[in-house]
Amino acid sequence: MMSDLWTLIKFEYKKIFQKKSSWIALIVVYLFILLGGVLMEIGSIEAEGEKVSSNYEDMMAQKKEELNYTGEYLDENLFAEAQEAYSHLSIDYVTNAWNSVEDWEDYCTYVRPYQSVAGIFTQTGMDIFSSDVSQFYEYRKTAMQNTYEEENLSEKEINRHFKWDAQTQKPFVYSYTEGYQRFAALQYTNIIFIAFAVAVCVSGIFSGEYTSGVDALILSAKYGKTKEAAAKIFTGGSLAFLVALLYEGSCFLEVGLLYGFEGADAPVQLGTALISYPLTMLQYCLGLLALGILAVCVVAGFTMFCSAKMKSTFPVIILAFILIFVPVMLMVPEEKRILTMLVNLLPARMGGGAFDDRLLCIFGSCVPPYVYVPIVYLALGAFLVWQAGRGFRRHQIGGR
């Protein structure tokens with residue numbers, strides 16, 4: 001009966017939240033994510049050793065200035081305004097510690113209003129101080145072509161990318177998009193730490209029964225090999241989904257409230273100039289959010305699989321740690337295409353790998369990672385939880 005299954009699920013949730021390690025992991029990671037959303041705006045800006053502004057005040061002033069030309073074309077005229085403004089700055093970079101109040105005031109007057117515009121221009125590899133601003137879209141196309149060749153993309157992939165790129169209106173229409181850009185930047189760390197918190201919570205879902213010696217009682221009970229196994233899998237999977245949704249949703253809401261939700265319909269190229277995909281900033285961020293949740297669920301499935309196969313929780317945590325953190329340090333040469341695509345499938349790479357340039361060309365079509373990764377994750381997740389349940393049901397009690 002379904003009532004029996006729900007009773008078992010409630011019991012499994014209760015066991016997870018009775019552990020101090022679960023609460024510590026969940027609370028610490030949640031605070032880390034909330035801190036990450038506001039960290040860039042904490043602190044102050046100094047000139048000649050004295051505070052002239054807080055980071056938050058500077059951000060709000062820049063937002064107000066950029067909203068003045070939101071809706072204008074990102075064309076030669078706007079780039080020329082930015083170039084002329086930058087000519088008033090005596091240094092070629094921006095810092096939080098200015099040598100003089102005069103430099104700070106010049107930055108506020110001339111540079112700050114066009115800092116984002118200049119940032120988009122320099123992503124092509126050109127210099128906002130001296131390059132020909134009328135050639136931005138040519139510079140961009142050349143930079144994209146060079147990047148694709150360095151990544152060893154086939155001619156078919158390159159053509160597909162430029163066809164996608166042609167679907168985005170040019171010149172781009174400028175919009176303030178800092179909230180979406182900040183959320184996207186945080187995904188690299190958010191996914192890693194959310195996945196680890198969930199792994200800590202579900203690491204003992206099966207192995208904890210072996211360690212405590214109650215596995216014999218559970219597996220010999222009426223529902224031990226059927227509903228109990230299903231309840232454990234559902235608990236682990238639903239916990240991963242709910243925690244990831246809450247944490248990612250909180251981050252999205254926090255940065256939106258801090259920076260604003262303006263620019264939802266703006267092209268994603270305003271944040272990543274060399275990307276080809278015809279997506280809006282909102283679509284891009286929602287894609288990252290959904291893929292992040294899927295990545296956490298796959299980590300939960302892997303952790304439950306290890307938990308069902310191992311006799312204690314400690315090695316489960318170690319393997320989960322390796323899966324989550326080691327890929328961050330992997331440096332794969334560009335020429336190792338297949339290996340790079342496989343590494344980009346790992347949860348720790350979802351912050352950027354899902355929108356990588358390398359396409360999966362199959363049956364005459366080229367599919368972007370953000371389309372095929374969810375399919376791979378759903379299949380892999382289903383396999384892992386099936387194997388976890390199977391491993392628990394076949395556990396040899398006398399073999400401990």
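In this chain, 76% of the contacts with a separation of 6 or more are between residues 24 or more positions apart, where contact means heavy atoms within 4.5 Å. What you're looking at is a predicted model, so local features need pLDDT of at least 70 and side-chain atom pairs count only at pLDDT 80 or more, while totals for chains, interfaces and linings use all residues. Residues are numbered from 1 along each chain as its sequence is written, and side-chain values use heavy atoms, with hydrogens and water left out.

Here's the chain as a whole:

| Property | Value |
|---|---|
| Box of the C-alpha atoms, along the principal axes | roughly 80 × 55 × 35 Å |
| Residues that count as buried | 49% of 400 residues |
| Accessible surface | about 18,900 Å² |
| Distance between the centres of positive and negative side chains | 25 Å |

A few terms: buried is under 20% relative accessible area, exposed is over 50%, and partly exposed is in between (1.4 Å probe, protein chains only). Areas come from the Shrake-Rupley method with a 1.4 Å probe, and for residues only the protein chains shown count as cover. Carbon and sulfur atoms own 63% of the accessible surface. As for charge, there are 30 positive and 41 negative side chains, counting Lys and Arg as positive and Asp and Glu as negative, without His or the chain ends. Each charge is placed at NZ of Lys, CZ of Arg, CG of Asp or CD of Glu.

The chain has 16 helices and five strands; these are DSSP runs numbered from the N terminus, with helices being H or I of at least four residues and strands E of at least two.

Start with strand β1 (residues 44-47): I45 and A47 make up its covered face, S44 and E46 the uncovered one. β1 runs antiparallel to strand β2 (residues 50-54), with four bridges between them; pairing takes at least two DSSP bridges. Opposite A47 sits E50 of β2. Two residues separate the strands of this hairpin, and E48 has a positive phi near 55 degrees.

Next, helix α15 (residues 337-344). Its buried residues are R337, T340, M341, V343 and N344. They share one side of α15 because their arc around the axis is only 165 degrees, going by the directions from the helix axis to the C-beta atoms. I338 and L342 are exposed on the other side of α15.

Finally, T168 lies in the loop between α8 (155-166) and α9 (178-202). T168 counts as buried because its relative accessibility is 10%. Beyond its neighbours within four places in sequence, T168 touches P267, Q269, Y277 and P278.
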